Amino acid sequence: HGSMIGWRAGHYSLWADKSIFVGRKAGEQSSGVTSSVVIGDEAGLSASGTASLSHAVIIGSEAGSSVHGFDESNLIGRYAGYAASGGPDSRSNLIGFGAGRYASGVQNSNLIGVNAGYGSLNISQSLIIGNSAGLEVSGAIGSNMIGTQAGTYADTANYSNVIGFQAALNA
């Protein structure tokens, strides 16, 4: 059981136990979203929790739409976490316009900034801060990427500290 406010909010949702959906189509066609707060037009639309989407906070227009498995996570900002996948016990923060959009394999990480971590693969135990920082990075385990476009397009940036404007760009 949950609370749903807005046109088609929670419409056709399955297993939306103890969740709150606020906004036009918020949480529509979602499944497995439990003990979560979803706010914004189409926020959490078609979100799924097969890998668990519980105790999450999703705020922003289309934030968390088509997201898969972000347990105990915060997705805040328009398109934050859009079509992203986290996995069980993701415990991540995706904050900013498009932060983590289309990202896959995000675990225990913080992606903060416009398009931070956009389209990235396998980010775990990492801190990515900055406009387009970590954009389409492939493999960032135990890494810090701080600055505009820091680590953007990097290939296997595991256990790295990348700090500064365009630091390790295309590395």
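Among contacts in the chain between residues at least 6 apart in sequence, what percentage join residues at least 24 apart? And how do the rings around Tyr 79 sit together?

Reply: Start with the contacts. This is a predicted model. Take the contacts between residues at least 6 apart in sequence: 1% of them join residues at least 24 apart.

Now the overall build. The chain has 17 strands and zero helices. Its C-alpha trace spans about 45 × 25 × 15 Å along the principal axes. The radius of gyration is 15 Å. A compact globule of 171 residues would have a value near 16 Å, so the two agree. Of the 171 residues, 51% count as buried.

Strand 11 (residues 104-107) runs parallel to strand 13 (residues 121-124), with three bridges between them. Gln 107 has Ser 124 of strand 13 as its bridge partner. Strand 13 also pairs with strand 15 (residues 138-141), again in the parallel sense and over three bridges.

Now move in on the rings. To describe a pair of aromatic rings, give the distance of the centres and the angle of the planes. The count here comes to four aromatic pairs. One of them is Tyr 79 with Tyr 82. Their centres are 5.9 Å apart, with 80° between the planes. That pair is edge-to-face.

Tyr 79 also pairs with Phe 97. What is the geometry of that pair? The centres lie 5.4 Å apart and the planes are at 90°. Planes over 60 degrees apart count as edge-to-face, so this pair gets that label.

Where do the two residues sit in the chain? Tyr 79 is in the loop between strand 8 (74-76) and strand 9 (85-87). Phe 97 is in the loop between strand 10 (93-95) and strand 11. The pair therefore ties together parts that are 18 residues apart in sequence.

Are these two residues buried or exposed? Tyr 79 has a relative accessible area of 15%. The cut-off for buried is under 20%, so Tyr 79 is buried. Phe 97 has 38%, and it is partly exposed.

Tyr 79, Tyr 82, Phe 97, Tyr 102 and Tyr 118 form one aromatic cluster.

The charged end of Arg 101 sits over the ring of Tyr 79, 4.2 Å from its centre. Arg 101 also lies over the face of Tyr 82, at 4.8 Å from the ring centre. Tyr 79 and Tyr 82 are the edge-to-face pair described above.

Conventions:
Residues numbered from 1 in each chain as written. Predicted model: local features only at pLDDT ≥ 70, side-chain atom pairs only at ≥ 80, totals over all residues. Heavy atoms only, no water. Pairing = 2+ DSSP bridges. Helix = DSSP H or I, 4+ residues; strand = E, 2+ residues; numbered from the N terminus. Phe/Tyr/Trp six-rings, centres within 6.5 Å; stacked < 30°, edge-to-face > 60°. Buried < 20%, exposed > 50% of the residue type's maximum accessible area, 1.4 Å probe, protein only. Lys NZ or Arg CZ within 6 Å of the ring centre and 35° of its normal. Rg over C-alpha atoms; globule rule 2.2 N^0.38 Å. Contact = heavy atoms within 4.5 Å.
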